[in-house]
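Work through the exercises below with the sequence and the model in view. Try each task before reading its solution.

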Amino acid sequence: MRSHEPRSSSSCAACKFLKRRCIPNCIFAPYFRSDEPKKFAKVHKVFGASNVSKILTEVPEEQREDTVNSLAYEAEARLRDPVYGCIGAIALLQRKMVELQFDLSIARARLARYTANYSSSPILNDRSSMTTLSEFPVACGVLIESFGQNSSELSQDGLMNDFSQFPYTF
Amino acid sequence: MINGRCSACKYLRRKCPLDCIFSPYFPSNDPERFSCVHKIYGSSNVGKMLQQLPVHLRAAAADCLCYEARCRIQDPVYGCVGIISLLYQQIHSAENQLAETKAEIAVLAVNKNFQI
């Protein structure tokens with residue numbers, strides 16, 4: 001006789017996609033709601049359900065939502081741009097940052113020329129706006145001309161400051 | 001690969017065929033490269049992604065997948081999206097600084113004009 005255990009009418013998007021029963025402590029359920037089927041479909045296409053599950057089990061529970069959102073973002077970027085994925089976005093943002101740094105240096109040089117004539121102005125006594133460009137981490141300033149395939153260890157600081165491993169500029 | 005297996009086939013413990021999709025991009029002298037992408041994407045997904053691309057774009061795709069995989073291994077919560085977020089913050093800050101500096105220039109320019 002078939003079990004009378006009711007089918008879950010609230011399967012998460014992941015279990016619906018995978019066509020399986022959504023168990024009470026399903027690791028996907030809190031983050032892949034049934035009304036967002038495309039979110040899981042994209043993540044599954046790029047990373048695979050098994051890999052997503054492993055990544056989620058490795059992070060603390062309170063960080064899983066952020067993890068899922070960043071995976072969804074990466075998956076979306078990869079599906080939109082199958083060659084460069086998120087790296088394309090990073091390269092564009094880096095270029096924008098370099099342009100801004102350049103504009104800022106020009107503006108500050110111009111301001112310095114004006115302030116040379118107005119040394120008693122109260123505005124000029126506020127040094128907070130006169131900080132140098134070194135306040136911006138190197139992460140946003142390095143244009144890479146070529147890509148090397150060295151697989152050197154990347155510390156968190158290394159990721160932020162060492163774009164010598166960065167693939168491309170656009 | 002003329003001799004021996006690529007790092008993907010070594011990792012997967014299989015024969016490396018002549019038309020192996022991985023071998024041009026995962027040489028045997030860099031096993032860590034494939035193990036990173038395999039850990040995050042899985043070899044099947046990586047193979048599919050590369051197959052779907054024109055041959056001349058596969059090297060770029062493999063490089064980017066490696067970079068993203070390494071970012072994700074290093075930061076399992078945010079991966080390379082953490083870098084994007086940081087860049088947006090820095091751009092926002094730089095734009096504010098630029099706007100402030102331009103405003104100061106404008107004030108000084110007006111003052112200078114009044115003094116003429």
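**Exercise 1.** How many helices and how many strands does chain B have?

*Solution.* The model is a predicted one. Step one is to count the elements: chain B has five helices and zero strands. Step two is to read them in sequence order, which gives the pattern α-α-α-α-α.

**Exercise 2.** Compare the radius of gyration of chain B with that of a compact globule of 116 residues.

*Solution.* Start with the reference value: a compact globule of 116 residues would have a radius of gyration near 13 Å. Then take the value for chain B, which is 24 Å. Next, look at the extents: along its principal axes, the C-alpha trace of chain B spans about 85 × 30 × 25 Å.

**Exercise 3.** Describe the burial, contacts and surface of chain B.

*Solution.* First, burial: 51% of the 116 residues of chain B count as buried, the cut-off being under 20% relative accessible area. Second, contacts: among those in chain B between residues at least 6 apart in sequence, 45% join residues at least 24 apart. Third, surface: the accessible surface of chain B is about 5900 Å², and 56% of this belongs to carbon and sulfur atoms. Last, charge: chain B has 13 positive and 9 negative charges, and their mean positions lie 14 Å apart.

**Exercise 4.** Why does Leu79(A) count as partly exposed, and what are its surroundings?

*Solution.* Locate the residue: Leu79(A) is in helix α4 of chain A, residues 64–80. Check its accessibility against the cut-offs: buried is under 20%, exposed is over 50%, and partly exposed is in between. Leu79(A) counts as partly exposed because its relative accessibility is 35%. List its contacts, leaving aside neighbours within four places in sequence: Leu79(A) touches Lys42(A), Lys45(A) and Val46(A). Finish with a separation: Leu79(A) and Ile55(A) are 24 residues apart in sequence, and their C-alpha atoms are 20 Å apart in space.

Conventions:
Residues numbered from 1 in each chain as written. Chains lettered and ligands numbered in written order. Predicted model: local features only at pLDDT ≥ 70, side-chain atom pairs only at ≥ 80, totals over all residues. Heavy atoms only, no water. Helix = DSSP H or I, 4+ residues; strand = E, 2+ residues; numbered from the N terminus. Rg over C-alpha atoms; globule rule 2.2 N^0.38 Å. Buried < 20%, exposed > 50% of the residue type's maximum accessible area, 1.4 Å probe, protein only. Contact = heavy atoms within 4.5 Å. Areas by Shrake-Rupley, 256 points an atom, 1.4 Å probe, with all protein chains shown as cover. Lys, Arg positive; Asp, Glu negative; His and termini not counted. Charge placed at Lys NZ, Arg CZ, Asp CG, Glu CD.
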